[in-house]
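Dear colleague,

Please keep it open beside the text as you read.

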Amino acid sequence: MESILTNRLAILSHPQRMAVFRLLMRRCPDELPAGEIAEALDFKASTASVYLSALTQAGLISQRRDGTRLLYAINLDAAREVVAGLFVDCCRGRADLCPPQFSDLLRSISPMTDKKFNVLFVCTGNSARSIFAETILRDKVGDTFIAYSAGTAHRSELNPFAVELLKSKGHDVSLLRSKNIEEFQGVDAPRMDFVFTVCDRAANEECPTWPGQPVSGHWGMPDPVKAEGTDAAKRLAFHQTYGALHNRIMAFSALPFENLDRGSLQKHVDQIGKETAKQE
């Protein structure tokens, strides 16, 4: 076991291999095609292939063929073995030597029925998908959740097709505005209980650790803003996106939060993204 741990630590000591590992960790439990990994990290395809091969051989990530594509995902068992190896061997299992947030993490979201949950939806532009999610959560289950949304791009505006659709669904759009993620990362920002990314690009980006370690989920879907063709075709794309987000949010809001610990809650959040995606 010691030789396996040493080998895996050596593999992860390379900055670019670590970048691939971190990306797949952020997207867990998703499987990512090699091309998306290379694009997200700005690697040449051949370079990404070398890094992916090394991580696969070390058992840190898994590889699966899907038609002509190779899909990669984090190997959670191996990642846990690395952490456990360091903790048991180097720290001799002494919890007092580990950062206090490790032991606090599992208790950070326990049954909480006496407060509203703060939920942030993140996209690249904050012009359609994340705006839809914020509005649906606010208007459908605002008695349980406080909804926010933001984009990782420095400048964006609300998409007119998105605004038109929200109005047609009876939503109040008077307070909606495009916001940058930095607005929610300051010391005075509300502390989030949940952070969801609703586009792959935002999920792939390296972001600062959120205070309080909120439960995170990735509910990626195609960008309706990129829909081409007639206005009718574009409106259909926005309707489909709205419907997909509505399904996810209704499933999320129906969870028995008072009976779930953090680990169970995370599994439900991940499953909602997978199951609703199959139905769309």
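**A histidine and its partner**

The side chains of H171 and D139 are joined by a polar contact of 2.6 Å, a term for a pair of N or O atoms within 3.5 Å, where, within protein, one must be able to donate a hydrogen and the other to accept it, and where residues adjacent in sequence count only if both atoms are side-chain atoms. This is a predicted model, in which local features need pLDDT of at least 70 and side-chain atom pairs count only at pLDDT 80 or more, while totals for chains, interfaces and linings use all residues. Residues are numbered from 1 along each chain as its sequence is written, and side-chain values use heavy atoms, with hydrogens and water left out.

H171 has a relative accessibility of 8% and so counts as buried (buried is under 20% relative accessible area, exposed over 50%, partly exposed in between, with a 1.4 Å probe and protein chains only).

**Salt bridges**

There are twelve salt bridges, each being a side-chain nitrogen of Lys or Arg within 4 Å of a carboxyl oxygen of Asp or Glu. One of them pairs D200 with R27, at 3.5 Å from N to O. Of these two residues, D200 is partly exposed at 33%, whereas R27 is buried at 5%.

In another, the closest N and O atoms of E164 and R235 are 2.6 Å apart; E164 is partly exposed at 36%, and R235 is also partly exposed, at 33%. Salt bridges with shared partners also connect R27, D30, E36 and D200 in one network.
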